[in-house]
Amino acid sequence: MDFNVGELRAFFSRRVIGRRIEYFEEVESTNAEALRLALEGAPEGTVVVADAQTKGRGRLDRSWESPPAMNLYLSVVLRPDIPAVSSSLIPLTVGVAVAEVVSAYCPGRVRLKWPNDVLVDGKKICGILAEMRTKGERVSFLIAGIGVNLNMQKLHFPRELRETATSLRMETATDIDRSDFAVRLFEALGNWYRVFLNGGGADIRAAWLRLSDLVGKQVEVVFRDTIQRGAVTGLDENGALLLEGESGLQRVLAGDVYIARL
Ligand code: BT5
C-alpha cells in the first residue's frame with residue numbers, strides 16, 4: 001500500500017493546499033523541512049510529506065513516534081495575511097479538518113482535546129504542531145504539522161503509549177489506504193482554511209466546541225509548573241480556552257487539559 005504521490009500531485013495541482021507536494025522517504029521532521037522551504041519562499045499550500053521521521057516533534061520538546069510505512073506525517077506551509085495575534089485559531093481549524101476526516105472512518109467516536117489532539121474513543125490518533133514566524137506584528141508564515149496514526153498496531157507503539165494512543169486500523173480493523181486518507185485530508189484542510197480566511201472564525205469555534213464535548217466540564221490545565229482550574233465555558237475569538245474558575249473568567253493560551261476528577 002504505497003503512498004501514491006503522483007496521483008496526489010495531479011489531483012491537487014490546481015488547489016491551494018497541496019499545490020506543491022514534497023515527498024521524502026525519511027526526514028528528521030516534516031515541520032523542520034517545511035520551515036526550511038518556507039524560508040526559501042515556498043508558496044502557501046506547499047506540503048511536505050514523509051514516510052518516516054527520525055526526530056518527529058511534539059510540543060514543548062516532546063517527540064512524535066514516526067515509524068516508516070504505516071502512518072501520515074505532513075506539514076503545510078500557510079501564509080495568511082493576518083495579525084499574529086489572530087493565528088491561534090489556525091491549529092483549531094486544522095484539528096476540525098482532521099477530526100472531520102477521521103470521523104468518516106469511525107463516525108461518532110471522534111473528539112478534539114484542546115488545543116490540538118484528535119482522539120478516538122479517548123485515545124490519541126493525531127497530534128498537531130503549529131509553528132509560526134512573524135514579520136513585525138503580522139504572520140509571515142505558519143507551519144501546520146500533522147501526524148496521524150493510520151496503520152500502526154499496538155505493538156508498534158512504545159509500551160508507555162499503548163493504553164493512550166491508537167490508530168485508524170486498530171479502531172476499524174481494516175487497512176487504511178494512506179493516499180486516500182491524504183486526499184480527504186488535503187480537501188478538508190483546504191475547505192476549513194477557506195472558512196478561516198473568509199472570516200468564519202465563529203463557525204470554526206462552533207465546530208470545534210461541538211467536537212470537543214468540553215463545555216461545562218470541570219478541567220485542569222497544566223502548563224509547565226502552573227495549573228489553572230475551572231469549568232469550560234467556550235473559546236474566545238482567538239481560540240483561547242475560557243474557564244470559569246474561583247477567580248472568575250480565565251483565558252488559557254497554552255497547556256495540556258485534563259478533565260478533573262470530582
Ligand atoms: C503533539 O504534541 O501532539 C504534536 C505532534 C505533531 C506531530 C507532527 S508529525 C508531522 C509534523 N512534523 C513534526 O515533527 N511534528 C508534526 P504533544 O501534544 O506535545 O504530544 C506529544 C505526546 O504525544 C508525546 O509526548 C507522547 O506522549 C504522545 N505521542 C507521541 N507519539 C505519538 C503517536 N504516534 N501517537 C499518539 N501519541 C503519541
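## Ground rules

Because the model is predicted, local features need pLDDT of at least 70 and side-chain atom pairs count only at pLDDT 80 or more, while totals for chains, interfaces and linings use all residues. Residues are numbered from 1 along each chain as its sequence is written, and side-chain values use heavy atoms, with hydrogens and water left out.

Helices (H or I, at least four residues) and strands (E, at least two) are DSSP runs numbered from the N terminus.

Two packed helices are described by the angle between their axes and the distance between the axes. Axes here are lines fitted to C-alpha atoms, for helices over the stretch in contact, and angles run from 0 to 180 degrees between N-to-C directions.

Take α3 and α5 to start: they pack at about 140°, with their axes 9 Å apart. The pair is therefore oblique (under 35 degrees is roughly parallel, over 145 roughly antiparallel, 65 to 115 roughly perpendicular, and the rest oblique). On the α3 side, the contact (heavy atoms within 4.5 Å) includes L89, I90, T93 and V94. Among the α5 partners are F181, L185, L189, W192 and Y193. Sorted by class, this contact has 17 nonpolar, one polar and three charged residues. For that sorting, Ala, Val, Leu, Ile, Met, Phe, Trp, Tyr, Cys and Pro count as nonpolar, Asp, Glu, Lys and Arg as charged, and the others, Gly among them, as polar.

## Two other helix pairs

α3 also packs on helix α6 (residues 201-212), at an angle of about 55° and with the axes 10 Å apart. These two are therefore oblique to each other as well, but α3 passes α6 in a left-handed crossing. From α3 come L89, L92, T93, V96 and A99, which meet G201, I204, R205, A207, W208 and L211 of α6. That contact splits into eight nonpolar, two polar and one charged.

Then there's α1 (residues 5-12) with α5 (residues 178-197): their axes come within 10 Å and cross at roughly 25°. That makes α1 roughly parallel to α5, and their crossing is right-handed. L8, F11 and F12 of α1 touch S179, A182, V183, F186 and E187 of α5. Here the tally is six nonpolar, one polar and one charged.

Rolling a probe the size of a water molecule over the atoms shows where empty space is left. The search uses a 1 Å grid over the protein atoms alone: a cavity is a set of points where a 1.4 Å probe fits but cannot get out, a pocket is an open set with protein on both sides within 12 Å along at least five of seven lines, and lining residues have an atom within 4 Å of a point. Grid points are joined across faces, edges and corners, and a volume is the space filled by probe spheres set on the points.

β3 (72-78), α3 (89-105) and α5 each give two or more residues, with α3 providing the largest share, four. The lining has 10 nonpolar, one polar and no charged residues.

The largest pocket has a volume of about 840 Å³. It is lined by 38 residues, of which R62, S63, W64, D117 and K124 are the closest to its centre. β6 supplies the largest share of that lining, five residues. The lining divides into 12 nonpolar, 15 polar and 11 charged.

The second largest pocket comes in at about 580 Å³. Of its 24 lining residues, S88, P91, A130, L253 and A254 are the closest to the centre. β6 gives the most here too, with five residues. By class there are 16 nonpolar, six polar and two charged residues.

Check the peptide bond from W114 to P115: it is cis, with omega near -5°. P115 sits in the loop between β4 (110-113) and β5.

L60 has a positive phi of about 50° although it is not a glycine. You'll find L60 in the loop between β2 (46-53) and β3.

Definitions and conventions:
Left-handed = near helix turned anticlockwise from the far one by under 90°.
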